[in-house]
Every structure is written in C-alpha cells, then in structure tokens.
Amino acid sequence: MRSLPEADPGLPDIRSPLRYLWWNARAQLRPLLGGIAFATAWWVAQALVPAVLGKGIDALTAKDGRALLTWSAILLGLGLAQAYTGIMRHRMAVYNWLAAAYRTVQVTARQAARLGATLPKRLSTGEVVSVGNSDIAHIGSSMDILLRGVGSVVAIATVTVILIATSLPLGLMVLFGVPIMLVAVGPLLRPLHRRQKAQRDLTGELSTRSADIVAGLRVLRGIGGEQVFAERYREESQRVRHAGVAVSRVESLLEGAQIILPGLLVAAVTGVGASFAVAGQITPGELVSFYTYAVFLVGPMRTLTEAADKLTKGHVAARRVVRILSIEPEVSGGAGTSEGGVLRDTYSGLTLQPGTLTAVAAGAPEDAIAIADRLGRYTDGDVTFGSADLAALPVEEVRSRILVADNGARLFTGRLRDELDVRGGASDEEIRQALHAACAEDIVDALPDGLDAEVAEAGREFSGGQQQRLRLARALLSDPEVLILVEPTSAVDAHSEARIADRLAKARAGRTTLVCTTSPLVLDRTDHVIYVADGRVHAEGTHRELLGSSPAYAATVTRGED
C-alpha cells in the first residue's frame with residue numbers, strides 16, 4: 001500500500017459540508033476512481049453468477065455436457081474475478097478511508113496552527129478534540145462507502161437489464177421496486193441527521209467538561225468540589241446517552257428497512273417467477289436465476305441504505321470540520337521587514353528599549369496582559385518595532401522574534417528534553433544554563449531519567465511552581481530577540497523567586513526582555529520599571545525611585561504594606 005498523500009497546502013475556501021466532502025474526494029480522485037472500478041467489477045461479477053448458474057442448470061436439464069462444461073468454466077472465471085476484485089476493492093477502500101480521515105487531520109491541524117491563539121477563543125477544547133476522535137472516522141467512511149455504493153448501483157442496473165431481457169414483467173418489478181424502496185427510507189434520513197447533530201454537539205460539550213475536570217482536579221480536591229463537578233459530568237453524560245438512544249431508534253428502523261424492504265421484493269419476484277415457470281413462460285434455470293437475483297439484490301440494496309446512513313454521518317462530521325476551517329485569525333500580517341530596535345505600544349505609551357530588562361507593574365493584571373498581547377501581535381494594536389509597524393510584518397516572523405510566555409502555556413507529553421528544547425538544536429550545556437536561570441535544576445535532578453524522563457499529559461506530575469519554572473526554562477532556551485514574560489514567578493516561593501530574578505538578568509544580558517509582574521523581588525532587579533494604570537503608562541523609573549515618587553505604584557507592589 002502506497003503512502004498517504006499530503007493535504008493540499010492551498011486549502012480552498014470551503015463554506016459547506018458538501019463542498020468539503022467533494023474537495024476531499026477530488027483530492028484523492030485517482031485512488032477513488034480505481035476503487036470504484038474494482039468495486040463495480042466485483043459487484044458485476046457477482047451479478048452475472050445467477051445468469052450463468054441458470055444457464056448451467058438448463059444445460060444439465062437438456063443433458064448437454066459441452067454446454068455444461070462451458071458454463072462451469074465461465075462460473076469458475078467469475079469466481080476468480082470476484083476474488084481478485086474483492087481483494088483490491090477492500091484495499092482501495094481502506095486506502096481511501098485512511099486518506100480522507102488523515103487528510104482531515106492534516107488540514108485541521110494546519111488550520112489550528114494558523115489560528116494560534118484565536119482557536120481557543122472561538123471553539124472549546126472538546127469541539128476540536130472530537131474532530132480527531134470521531135469525525136475523521138465518519139468522513140473516512142463516507143469516502144469508503146462511495147466505492148461500494150457506486151458499484152451497487154451498477155450491479156442493480158445490470159440485474160435489471162438481464163431480468164428485462166429474460167422476462168419483461170419481472171424486470172419491471174425490479175426496475176420499479178428498487179426506487180420505491182429507496183424512497184421509503186428517505187423519511188428516516190432527516191430525523192437521523194438532526195439527532196446525530198444533536199448527539200455530536202452534546203459529545204463535544206462533554207469532552208470539554210471532562211478536559212476541564214482533569215485539568216483542574218488538583219484544585220477541585222483542594223476546595224472539595226469533586227462531587228459537585230462529578231454530578232455535573234454525570235448529568236451531561238446522561239444527556240449524551242439519551243441523545244445516543246434517540247439516534248439508535250432511527251438507526252434501528254433504518255436497519256430494519258434494510259431487511260424488510262429487500263425481503264418483500266425477493267418474495268414478490270420469486271412468487272411471480274414461480275408462476276411463470278409453472279406456466280412454461282420461463283425455464284427452470286431462469287427460475288433459479290430469478291430467485292438468486294432476488295436474493296442477490298438484498299446486498300446492493302443494503303449497501304445503498306448503508307450509503308445513505310454513512311453519508312449523513314459524514315455530512316454532520318464535515319460540518320464540524322468546516323466550522324473550524326471557516327474561522328479566520330484575529331490578526332494577520334503583511335510582507336514588510338524590520339531590523340528590530342525599540343518596541344513601542346502607542347495606546348499605552350509603553351516603550352521597550354532594546355537590550356534592557358524592563359518590568360511592567362500594572363494596577364490591574366489585565367492591563368499588563370493586554371499590553372503583552374499587543375506587543376506579541378496576538379491582538380490588534382498600534383505597535384511599532386523599530387521603524388516598521390508590527391502589523392506590517394509576517395505573523396511567522398513576529399512569532400519567531402517576539403515570544404510571549406504566560407501561565408496559560410502548558411507542558412506536553414513526551415521527553416522532558418524535547419519539551420524544553422522545542423527546536424531540537426540546544427546542547428546539554430545550553431539546557432543546563434536555562435534550567436539554572438529558571439532555578440529548575442532540582443526538578444530535573446529529582447527525576448530518575450533526568451532530561452530523558454517522560455512528561456505525562458499537561459505535566460501533571462509536577463506542581464504548579466515546578467511547571468512554571470520549567471516553562472520559564474523553555475522560554476529562555478528559545479532565546480528570542482524579544483522575550484515577554486507574564487507573571488513568571490507567581491507560583492514559586494520567595495527564595496526561588498529572588499534567585500530567578502538575579503539569574504534572569506544574567507541569562508538575558510544584551511537581549512530585550514519585558515517582565516509583567518508586581519513582585520518587589522523581581523522589580524528590584526530590573527533595569528527599568530514602567531507603572532501602568534487604566535491601561536496607560538503613569539510613571540517610569542527604577543523600582544526604588546517609583547516607591548518614593550509614586551504612591552499608586554507603591555500601593556500596587558507592596559499591597560498596602562510598609
């Protein structure tokens with residue numbers, strides 16, 4: 001089996017689920033057409049078997065040995081063809097399933113990377129996770145069923161032509177019976193679509209709830225809120241269960257229709273064919289062929305109803321994917337360039353001089369966060385970087401030159417070394433220096449495998465202070481041109497905070513660094529302090545100068561204490 005194709009990097013503007021499914025099918029057109037060809041040949045080989053079997057029976061009845069051998073050889077050939085095309089159909093079905101599913105993963109992951117900080121503002125975690133958990137399977141199945149679905153249509157058409165050529169009344173029964181059965185299951189598809197959508201929405205909400213509970217389990221245990229959140233999860237889980245039962249009710253009716261409707265057609269064709277055989281209008285071999293065809297038609301008919309079900313589920317899943325793909329980033333970049341220099345936020349009046357360790361102390365923490373977001377180009381703002389507008393630079397260039405590290409960042413599963421050295425080019429000495437600056441050496445030393453230790457999901461084996469120090473080491477190891485740290489020591493003890501403040505200045509010597517904090521231990525060790533109130537710069541100077549000249553600053557950083 002050849003390797004799966006990469007997703008088209010130039011993703012078109014897809015605004016509807018049907019267009020997304022069509023784009024996915026067109027992106028794998030050759031393997032899809034190949035699979036349809038094999039599936040069609042597989043179905044047609046099966047469709048010809050009853051006719052050949054009937055001819056063989058007639059030859060046996062007429063005691064024509066030569067004809068019997070001829071039709072037996074043809075039947076053997078059809079069996080071999082059916083075996084080969086069946087194997088290839090299955091291989092192509094698996095390939096198309098995987099290609100559609102993982103192309104969806106590729107474009108979704110690419111869109112998530114493109115959206116960056118915009119994505120969690122617009123969609124919940126559970127909504128995004130559900131795409132990889134369930135939606136890709138339904139989209140893959142919708143591509144898979146196209147193979148057998150198209151082949152079943154050709155098989156039904158082939159059988160109809162054979163039956164009409166043999167007996168016009170029986171052929172017309174099949175010709176009109178098949179569309180009637182398809183129309184009969186139509187009323188079930190709309191409620192199935194609606195209930196599947198409702199279940200999918202509730203499942204996404206439940207995934208979000210479970211992710212929140214797992215992430216905040218330590219806090220919940222501290223405040224005794226486990227039972228409250230467990231009860232909420234139980235209630236939402238029951239809603240998902242009831243929605244699943246509602247879907248199953250419609251699906252059970254659909255499954256029943258797949259048995260009853262073809263069965264009625266089989267009974268009708270067999271009964272009429274038997275009366276024709278008794279009247280001498282058809283031969284015994286043709287009667288056997290008609291009965292076999294009636295039984296055979298159950299397979300293509302079930303495939304068509306299965307196709308309706310899977311395409312409905314694929315449509316619901318594609319709607320979720322399209323919702324993610326239709327989101328646009330809150331900020332966009334241009335094609336300009338900048339040699340760097342002074343970073344200035346016009347709205348607040350903050351000016352960040354290159355090569356200095358500067359601190360921002362804000363009366364309201366959200367003011368400092370807003371400034372960091374504008375300087376890092378996570379929100380729009382009138383910001384200049386040297387002589388260029390920050391908005392005119394490509395977003396990728398801004399991200400590589402200006403790093404905003406806040407406490408919303410997280411550790412991921414994997415080797416600790418890879419977690420810290422995200423670019424994979426740091427030496428052991430550079431990693432050691434970053435850990436030393438972040439006062440995180442003791443964390444690594446306590447691990448049995450040191451830097452090669454495996455980090456669990458979200459770094460849950462580490463305390464809040466340990467995670468914060470490891471995140472700081474990761475930010476320092478990235479060594480960006482401008483580093484913006486938001487409350488980097490809020491979860492560590494005073495002794496560690498003082499050491500981090502001393503080492504941070506040495507680690508970032510000659511590089512531009514901004515620390516958003518109200519910690520006196522950190523403020524006292526910076527080159528320059530900027531006090532912000534109501535989103536604007538109110539005072540500047542060293543920490544000790546501002547303590548004497550700005551009562552508002554003193555009240556903010558000392559929290560009213562002498």
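Arg377 sits in the loop between helix H11 (365-375) and strand S4 (383-385), and although not a glycine, Arg377 has a positive phi of about 65°. Most residues other than glycine have a negative phi.

Asp534, also not a glycine, has a positive phi of about 55°, and is placed in the loop between strand S11 (528-533) and strand S12 (536-541). Asp534 is exposed, with a relative accessible area of 69%. Helices (H or I, at least four residues) and strands (E, at least two) are DSSP runs, numbered from the N terminus.

## The second largest pocket

The second largest pocket has a volume of about 320 Å³, and among its 16 lining residues Ala113, Arg114, Leu115, Val395 and Arg399 lie nearest its centre. Helix H3 (65-115) and helix H12 (395-401) are the elements that give two or more residues to this lining, which divides into eight nonpolar, four polar and four charged residues.

A pocket here is an open set of points on a 1 Å grid over the protein atoms alone, where a 1.4 Å probe fits, with protein on both sides within 12 Å along at least five of seven lines, and lining residues have an atom within 4 Å of a point. The volume is the space filled by probe spheres set on the points, which are joined across faces, edges and corners. Nonpolar covers Ala, Val, Leu, Ile, Met, Phe, Trp, Tyr, Cys and Pro, charged covers Asp, Glu, Lys and Arg, and polar covers the others, Gly among them.

## Basis of the values

Residues are numbered from 1 along each chain as its sequence is written, and side-chain values use heavy atoms, with hydrogens and water left out. Because the model is predicted, local features need pLDDT of at least 70 and side-chain atom pairs count only at pLDDT 80 or more, while totals for chains, interfaces and linings use all residues.

Technical notes: Buried < 20%, exposed > 50% of the residue type's maximum accessible area, 1.4 Å probe, protein only.
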